[in-house]
Amino acid sequence: MSGPLLEVQGLAKHFPVRQGAFGRLSGHVRAVDGVDFHLNAGETLAIVGESGCGKSTVGRLVLRLLEPTGGSVRFEGQDLLALPDSQMRAQRRRMQIIFQDPYASLNPRMTVGAMLSEPLMLHRLAPSDAARRTRVGELLELVGLRPEHARRYPHEFSGGQRQRLAIARALAVEPQLIVADEPVSALDVSIQAQVINLMRSLQARFGLAYVFISHDLAVVKHIADRIAVMYLGKIVETAATDELFRNPRHPYTRALLSAVPLPDPTVVRERALLEGDIPSAMNPPPGCRFHTRCRFARESCRVDAPLLADDGTGHSTACPWWPELPPAPSLVEDRADDQDRIRLARLQAAFVTSQMEAT
Ligand SMILES: Nc1ncnc2c1ncn2[C@@H]1O[C@H](COP(=O)(O)OP(=O)(O)O)[C@@H](O)[C@H]1O
Ligand code: SF4
Ligand SMILES: [Mg+2]
């Protein structure tokens, strides 16, 4: 296959907002408002940003679990939005989603074996009962559980194990793409590391591509090849993961990075913490959407909406002023001290000690 596995252009979702007894249309929530990105086979793109910026909506639009207001989603070159329902059903097998709360997405009355058998039957992936049982056992082992776990119910597992079950169910249909929406956000740090390690090893084994959605930059550093930073329905910066951590350009990205907690209490850092709330997506600020919270905002930022401009290296920034901004001194200092050690020591430690055994 030439070209990216997934190509998203101009993607938008405006949710109608209705009020009053007659449901009068009072406006639209511009949850996603013109988003472009691509994802290659076997690659991980993280989408990060504060709660409410539109990450989950992007994830659902990509899988066409929601119908977009505008834009296109191409999977292996095929425009998903133009596909009739019958063909979309076939494509669904290639794209799976896992959520933050696996318990909510696992049927509590079904044994794990029945739950994993369901997609196998639906897509005719195991011709006999015996083949199905074998495959269910394999799937459980792939995610670090044991074949005999097939007889248990979801409530008999820990949070980390349930996320493993959700991953096993996604893998059952042999997808090429998994959208993982905050898959480790509800888990303890050490368990987060184990689940991320599992996702990485499955990716290496099966060539999976991930859209990994998270509000936590520290987490995505360990899994993403590239990161897209979202603010109020738009992408404001994209870059390779190392490049984004080394040279954050957009004032919003800088603020997010400076909000990543430092595990070492002896390190003092100037914090460009975000002030004020994220504005309403019903009424986003004109010009640059970030101008109401940007400490570098100037007059023109209230009027001119910046484009996401690529510098030719794959690093794109939606702020025309970034070359003129002062360097982020705190981040530069951290870099000299090895960001991983300082910023992410706690998470790193968890990775080193984490094992592939069931959590
Ligand atoms: N079904 C819906 N109807 C109306 N508004 C919605 C709906 N789903 C999400 N939104 C709004 O869209 C915006 C983006 O939501 P979401 O994609 O869930 O953000 P995130 O995942 O980044 O927290 C929010 O303002 C949210 O309230
Ligand atoms: S365009 Fe202006 S308001 Fe927006 S991020 Fe850049 S400096 Fe800040
Ligand atoms: Mg979300």
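1. Start with strand S9. Both of its faces are covered. Arg226, Ala228 and Met230 are buried on one side. Ile227, Val229 and Tyr231 are buried on the other. That makes six buried residues out of six, so S9 counts as mostly covered. In a regular strand the side chains alternate between the two faces of the sheet. Keep in mind throughout that this is a predicted model.

2. Next, the neighbours of S9. Strand S3 (residues 44–48) is joined to S9 by four bridges, and the two run parallel. Within that pairing, Val48 has Val229 as its bridge partner. S9 is also joined to S10, here by six bridges and in the antiparallel sense. Met230 is bridged to Ile235 of S10. S9 and S10 form a hairpin with two residues between the strands. Leu232 in this hairpin takes a positive phi near 50°.

3. Is strand S7 enclosed or open to the outside? Five of the five residues of S7 (residues 177–181) are buried, so the strand is largely enclosed by the rest of the structure. Both faces are covered. Leu177, Val179 and Asp181 are buried on one side, and Ile178 and Ala180 on the other. Note that Asp181 is on the buried list.

4. S7 has partners in S6 and S8. S6 (residues 95–98) runs parallel to S7, with four bridges between them. Gln96 is bridged to Ile178 of S7. S8 (residues 209–214) is also parallel to S7, over five bridges. Two of the partner pairs are Ile178 with Tyr210 and Leu177 with Ala209. Follow the chain from S7 through helix H7 (residues 189–206) to S8 and you trace a right-handed β-α-β unit.

5. Turn to ligand 1. Which residues surround it? They are Phe15, Val29, Ala31, Gly49, Ser51, Gly52, Cys53, Gly54, Lys55, Ser56, Thr57 and Ala281. Strand S2 (24–39) and helix H1 (55–62) are the elements that give two or more residues to this shell. H1 gives the most, with three. By class, the shell has five nonpolar residues, six polar and one charged.

6. Ligand 2 has its own shell. Its residues are His250, Pro251, Cys288, Phe290, His291, Cys294, Phe296, Ala297, Cys301, Pro306, Cys319 and Trp321. Ten of these are nonpolar, two are polar and none is charged.

7. Why is Cys288 classed as buried? It has 27 other C-beta atoms within 10 Å, and the cut-off for buried is 20 or more. Leaving aside neighbours within four places in sequence, Cys288 is in contact with Cys301, Ala305 and Pro306. Leu307 is 19 residues from Cys288 in sequence, and their C-alpha atoms are 9.2 Å apart.

8. Met110 has another setting. It lies in the loop between helix H3 (102–105) and helix H4 (112–122). Met110 is partly exposed, with 14 other C-beta atoms within 10 Å. Tyr153 is 43 residues away along the chain, yet the two C-alpha atoms are separated by 6.4 Å.

9. Finally, the overall figures. The protein chain has 13 helices and twelve strands. Of its 359 residues, 40% are buried. Consider the contacts with a separation of 6 or more: 67% of them join residues 24 or more positions apart.

Notes
Residues are numbered from 1 along each chain as its sequence is written. Chains are lettered from A and ligands numbered from 1 in the order in which they are written. This is a predicted model: local features need pLDDT of at least 70, side-chain atom pairs count only at pLDDT 80 or more; totals for chains, interfaces and linings use all residues. A residue is buried if 20 or more other C-beta atoms lie within 10 Å of its own, exposed if 12 or fewer, and partly exposed in between; C-beta atoms are placed from the backbone. Two strands pair if DSSP finds at least two bridges between them. A crossover is right-handed if, with the strands pointing away from the viewer, the path from the first strand over the helix to the second runs clockwise. A residue is near a molecule or strand if its C-beta atom, placed from the backbone, lies within 6 Å of it. Ala, Val, Leu, Ile, Met, Phe, Trp, Tyr, Cys and Pro count as nonpolar, Asp, Glu, Lys and Arg as charged, and the others, Gly among them, as polar. Two residues are in contact if their C-beta atoms, placed from the backbone, lie within 7 Å.
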